[in-house]
Amino acid sequence: MKSLMITAAEDTASSSPLAVNWAEILVVGVGFVILMIIVVKFVVPMFEKTYAERTEAIEGGIARAEKAQAEASAALDEYKKQLTDARAEANRIREEARNEGAQILADLKDKAAAESARITEQAQAAIAAERQAAVVSLRSEVGSLATTLAGRIVGESLDDDARAARVVDRFLADLEQQSEGANR
Amino acid sequence: MIALTLPAQDGGSFTPPSVSSHLTPFFSIGGFEVTKQMILVALSVVLIAWFFVAAARKRQLVPGKLQFMGEMGYSFVRNSVAKDVIGAKDYRKFVPLLFTLFFFILVNNLFGAIPVLQLPSFSHVSGAYLLAVIVYITWIGVGLKANGLRYFKLAVVPSGVPWYILPLVVPIEIISNFVVRPMTHSLRLFATMLSGHLIVLIAGSGIEFLLAQESIWLKGTSLLVLVGSIAMYMLEALIMVLQAYVFVLLTAIYIEGAVHADSH
């Protein structure tokens, strides 16, 4: 068994791993600059824009949803309030109408009763007045008639029946004429 | 110097893959030596640009699969790195840099885990140097812009330290912030990638070498190497992702320190 010694480093200074190779520096530099330009010009702006749009879409969506939610609940509240108001209003109107109706009915009843009382009273008054007038006129007429008749009877001779009959007829005719004249 | 001692009964020499072979160019065009690393870097730029432009272009509110994956990658860097480290107020303008850095490094690292490509681009140190320098210039620039020249005082003079300790602390701060920081930033990435790559390569060539031995027992040991290398491969894949994350996280931390220098 023999051993073998191998040295891996036959390097000279020029091929030292720490030596600078300017050609490689140039290539890496140019490559890096090109890549950097592409990144600055295209990659970063496009990614940032996508991020911004996404953020906007998500946050905007949430904001819009929240706004719509708030609007909807506000509208619901409004409707409920309006409904309550309307119900109260309807109740009030109904109550008012009922009261008014009762009022009107009572008024009408009162009025009718008053009217009928008035009419009755008027009629009674008229009847009483007519009766009074009749009594008065009758009284005066009967008086005057009796007086006239008595005068005539006394003025004529009462021996002749025929005459007496004529007197009575004349009296009656006068009476009729009188009443006609009075009527006229 | 790496020295390997291998027991070999029937001669034959094992030549493990070395760093110099790792750095050999593919071919050259008019004196310009093209390495595999360069081609992979170019490929990574095309892949990353294609993927993210395709993913981002759809711009749908409810993303499809491609867009979702793209957004996941983007929002990881944007929110988990940039926003969490730099803070919600200032992170926006650093997102492109951090995003580009992360995926540039991640894809180039992962090339090391893809069988045919099998080379993490940053196992070549030059690219790591360059990225660290870009970051270095960036955070110093950011610090100067945010705090003016006072920034250098804020960066090296920690608040709440007694005056008689300052002569000791200030040099340490200068060295650690302005000298060591870019070095460690680049070398951390480079060293982890190179070592991981070499482990995979050595395991692979070791398996090949052992299988070529005539002794059935030696052939059998290749199985052990295979099992071990699969475990190492998994670990490497993890480290590739982790190092991309670490590089970007440190970048974000440096920038944050520069932006809010007066509150440190």
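Me: How many helices and strands are there in chain B?

Reply: Chain B has 8 helices and 3 strands. The model is a predicted one. Read from the N terminus, the elements of chain B come in the order β-α-β-β-α-α-α-α-α-α-α.

Me: What share of chain B counts as buried?

Reply: Of its 264 residues, 35% count as buried. As for contacts in chain B between residues at least 6 apart in sequence, 65% of them join residues at least 24 apart.

Me: How should I read the confidence values, and what is the mean pLDDT of chain B?

Reply: Where pLDDT is low, the predicted coordinates should not be read in detail. For chain B the mean pLDDT is 87, and 92% of the residues reach 70 or more.

Me: Which residues touch the most other members of the largest nonpolar core?

Reply: They are B:Ala82, B:Leu98 and B:Phe102, in a core of 62 residues. Two or more residues come from each of H1 of chain A and, in chain B, helix H2 (36–57), helix H3 (65–86), H4, helix H5 (125–147), helix H7 (166–211) and helix H8 (216–259). H4(B) gives the largest share of this core, 11 residues.

Me: What is B:Ala82 in contact with, leaving aside its neighbours within four places in sequence?

Reply: The contacts of B:Ala82 are B:Val77, B:Tyr91, B:Phe94, B:Val95, B:Leu98 and B:Ala252.

Me: How do I read a pair of helices, and at what angle do H2(B) and H4(B) pack?

Reply: Take the angle, the distance and the crossing in turn. H2(B) and H4(B) pack at about 125 degrees, and their axes are 9 Å apart. Because of that angle, H2(B) is oblique to H4(B).

Me: Is the crossing of H2(B) and H4(B) left-handed or right-handed?

Reply: H2(B) passes H4(B) in a right-handed crossing. On the H2(B) side, B:Leu40, B:Val41, B:Ser44, B:Leu47 and B:Ile48 take part, and they meet B:Phe103, B:Phe104, B:Val107 and B:Asn108 in H4(B).

Me: B:Val41 is in that list. Which residue of chain A touches B:Val41?

Reply: A:Val28 does, and A:Val28 also touches B:Ser126, B:Gly127 and B:Leu130. A:Val28 belongs to helix H1 (residues 22–155) of chain A.

Me: Why is A:Val28 called buried?

Reply: A residue is buried if 20 or more other C-beta atoms lie within 10 Å of its own. A:Val28 has 29 within that distance, so A:Val28 is buried.

Me: Is B:Ile202 buried or exposed?

Reply: B:Ile202 is buried, because 20 other C-beta atoms lie within 10 Å. This residue lies in helix H7 of chain B. Neighbours within four places in sequence aside, B:Ile202 is in contact with B:Pro16 and B:Pro17.

Me: How far apart are B:Ile202 and B:Ser18 in sequence and in space?

Reply: In sequence they are 184 residues apart, and in space 8.8 Å, C-alpha to C-alpha.

How values were computed. Residues are numbered from 1 along each chain as its sequence is written. Chains are lettered from A and ligands numbered from 1 in the order in which they are written. This is a predicted model: local features need pLDDT of at least 70, side-chain atom pairs count only at pLDDT 80 or more; totals for chains, interfaces and linings use all residues. Helices (H or I, at least four residues) and strands (E, at least two) are DSSP runs, numbered from the N terminus. A residue is buried if 20 or more other C-beta atoms lie within 10 Å of its own, exposed if 12 or fewer, and partly exposed in between; C-beta atoms are placed from the backbone. Two residues are in contact if their C-beta atoms, placed from the backbone, lie within 7 Å. pLDDT is the predictor's confidence in each residue, from 0 to 100. A nonpolar core is a set of buried Ala, Val, Leu, Ile, Met, Phe, Trp, Tyr and Cys residues joined through C-beta atoms within 7 Å. Axes are lines fitted to C-alpha atoms, for helices over the stretch in contact, and angles run from 0 to 180 degrees between N-to-C directions. Angles under 35 degrees count as roughly parallel, over 145 as roughly antiparallel, 65 to 115 as roughly perpendicular and the rest as oblique. A crossing is left-handed if the near helix is turned anticlockwise from the far one by less than a right angle, and right-handed if clockwise.
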